[in-house]
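Here is a friendly walk through a protein model. Keep the picture open while you read, and look up each residue as it comes along.

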Amino acid sequence: MASSIPKRQALVLKPWMVLTILLCVCTLTTSIYLSALNTTINDSKDHHNNPGAYGPMSADFDWCERNHHYSPYLAEPFNSLTSLTYCMVGIFTYVYHRKYIEIRTIVLCIAIFVIGVGSTLFHGTLQYTMQLMDELPMLYLILTATWCLYERNDLQGSMKGKMRAGLVLVICIVCTGLIAFTEKSDTAHDIGRSIMVVSFSGSLIYVFYAASIATGEHQEVLGKDEYNPMGELFSYGFLSMMVALISWIIDNMM
């Protein structure tokens, strides 16, 4: 009798696990984000108040690196360089999958690339306008991803799906207008930022929760006992994202 080889078991997180972790981490990160606004600038640490070629820091956040320690033209070289990895992810995703990639996935690749550019400029200058070039593309990315996952079974491109895509576009335009074209002290600016934070947090929770459900749907197609590479990839990606958020929290607290 031939011996059977046990099938590989994938690491697959259940939707309730994902939702519980997301609610805890997102509540904490959102609270820190809102409480950190307009407080970091007044930090008494010397390296936080070291101006470079762009003038005094105007961004809402500062990080652990010594500002302009190596060059007056680059505030945080390590954060700036690592931000370029976003650009690489956007480019490589498109290059390796361009033969069968969907238009909406191309939009996601563009958003990831723009985040990399904005994040590099933000950490390189620590100016508020560059911070917006980092934050607003993140909103575009998460809202587009939310729409993609919500419409994952709409293969024909229904009218309702197009209307929801239009809603996503309207939210992006409204937030951009309220935040990028108003003074930081204006009420309209605060309203736009509030909409951005709530939309981002809600969409982030939905994206990962819906993706966990999608992996379960994929498992049903494969069969109950079959190896699910999609579920395993999502699980490791989700856990990596949580580690990144926790690292963000630690960096803010330190």
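## Helix α7

Start with α7, the helix made of residues 229-253. Helix α7 has 25 residues, and its first and last C-alpha atoms are 36 Å apart, close to the 36 Å expected at 1.5 Å a residue. (The expected span is 1.5 Å times one less than the number of residues in the helix.) Helices here are DSSP runs of H or I with at least four residues, strands are runs of E with at least two, and both are numbered from the N terminus.

Which residues of α7 are buried? They are G231, E232, F234, S235, F238, M242, L245 and I249. "Buried" means under 20% relative accessible area, "exposed" means over 50%, and "partly exposed" is in between, using a 1.4 Å probe and protein chains only.

## The whole model

A word on what you're looking at: this is a predicted model, where local features need pLDDT of at least 70, side-chain atom pairs count only at pLDDT 80 or more, and totals for chains, interfaces and linings use all residues. Residues are numbered from 1 along each chain as its sequence is written, and side-chain values use heavy atoms, leaving out hydrogens and water.

Of its 254 residues, 38% count as buried. The accessible surface comes to about 15,100 Å², with 69% of that belonging to carbon and sulfur atoms; such areas come from the Shrake-Rupley method with a 1.4 Å probe, and for residues only the protein chains shown count as cover. Take the contacts (heavy atoms within 4.5 Å) with a separation of 6 or more: residues 24 or more positions apart account for 64% of them.

## Salt bridges

How many salt bridges does a search of the whole structure find? It finds 5. A salt bridge here is a side-chain nitrogen of Lys or Arg within 4 Å of a carboxyl oxygen of Asp or Glu. One of them joins the side chains of K184 and D60, at 2.7 Å from N to O. This pair links distant parts of the chain, 124 residues apart: K184 sits in the loop between α5 (159-180) and α6 (187-222), and D60 in the loop between α1 (15-36) and α2. K184 is partly exposed, with a relative accessible area of 28%, whereas D60 is buried at 2%.

Another salt bridge pairs R193 with E135, at 3.2 Å from N to O. R193 is in helix α6 and E135 in helix α4 (residues 128-150), so the pair ties together parts 58 residues apart in sequence. R193 is buried at 5% relative accessible area, and E135 is buried at 10%. There's also E102 with R104, whose closest N and O atoms are 2.6 Å apart. Here E102 is partly exposed at 40%, while R104 is buried at 18%.

## The loop between α4 and α5

Now find E151, in the loop between α4 and α5. Is E151 buried or exposed? It counts as buried because its relative accessible area is 4%. Its side chain makes a polar contact of 2.8 Å with the side chain of R164. (A polar contact is a pair of N or O atoms within 3.5 Å; within protein, one must be able to donate a hydrogen and the other to accept it, and residues adjacent in sequence count only if both atoms are side-chain atoms.) Beyond its neighbours within four places in sequence, E151 touches R104, G161 and R164.

R152 is in this loop too, between α4 and α5, and is partly exposed at 22%. Setting aside neighbours within four places in sequence, the contacts of R152 are R104, Y206, A210, I213, A214 and E217. R152 and A214 are 62 residues apart in sequence, yet 8.7 Å apart in space, C-alpha to C-alpha. The side chain of R152 has a polar contact of 3.1 Å with the side chain of E217, and one of its polar atoms lies 2.8 Å from the backbone oxygen of L149.

## A nonpolar patch

Finally, look at the surface for a nonpolar patch with about 1,000 Å² of accessible area together; I91, F92 and M133 are among its residues. Helices α2 (77-97) and α3 (103-125) are the elements that give two or more residues to the patch, and α2 gives the most, with 6. Patches are made of residues with over 30% relative accessible area and no salt bridge: like charges are joined within 9 Å, and nonpolar side chains (Val, Leu, Ile, Met, Phe, Trp, Tyr) within 5 Å. I91 lies in helix α2 and is partly exposed, at 40%.
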